[in-house]
Amino acid sequence: MSELLPCPLCGDKATRASGYASCDSCSAWAQVEDWNRRHAPDGWQMVPVEPTGRMQVAGLRQRYDEDGTRGVYRAMLAAAPKLGGEV
Ligand SMILES: [Zn+2]
């Protein structure tokens, strides 16, 4: 039996039942092989194509941070909604 990777959409723990994997946090599900194939590599995350208002505010608050663009980018990613979560 192959290892079950975390949810490919929100990163939370997945559970296995009858050849399928599912996520209690965002309700995603798929066959185990497809589930593991869709997993984002370490260091990657799914974000909206257009930044949400919360992401933009987080980025603006970081604009004078000493990390410059990197700090803005990290703040916006941290504020990005999780799939199935509050936007
Ligand atoms: Zn999930």
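I'll start at a turn. In the hairpin of S1 and S2, two residues lie between the strands, and Ser18 has a positive phi near 55 degrees. Strands here are DSSP runs of E, at least two residues long, and helices are runs of H or I of at least four residues, both numbered from the N terminus.

Before going on, the source. This is a predicted model, so local features need pLDDT of at least 70 and side-chain atom pairs count only at pLDDT 80 or more, while totals for chains, interfaces and linings use all residues. Numbering runs from 1 along each chain as its sequence is written.

S1 covers residues 14-17 and S2 covers residues 20-23, and the two pair in the antiparallel sense over four bridges. Pairing requires that DSSP finds at least two bridges between two strands. Within this pair, Thr15 stands opposite Ser22 in S2.

On its way to the next strand, S2 is joined to S3 by three bridges, again antiparallel. There, Ala21 stands opposite Ala30 in S3.

Put together, the three strands make an open sheet in the order S1-S2-S3, with antiparallel pairing. Which strands are the edges? They are S1 and S3, the latter at 29-31, and each of them pairs on one side only. On average, neighbouring strands of this sheet are turned by 25 degrees against each other, direction ignored. Axes for that angle are lines fitted to C-alpha atoms, for helices over the stretch in contact, and angles run from 0 to 180 degrees between N-to-C directions.

Now the whole chain. It has three helices and three strands, and along the sequence the pattern is β-β-β-α-α-α. Its radius of gyration is 16 Å, well over the 12 Å that the globule rule gives for 87 residues, so the chain is more spread out than a compact globule. That radius is taken over C-alpha atoms, and the rule is 2.2 Å times the number of residues to the power 0.38. The C-alpha atoms fill a box of roughly 50 × 25 × 20 Å along the principal axes.

Next, the domains. Domain 1 is 1-39 and domain 2 is 47-81, with bounds from an automatic or database domain assignment. Their centres, taken over C-alpha atoms, are 28 Å apart.

Last, burial. Of the 87 residues, 11% count as buried, meaning that 20 or more other C-beta atoms, placed from the backbone, lie within 10 Å of the residue's own; 12 or fewer is exposed, and in between is partly exposed.
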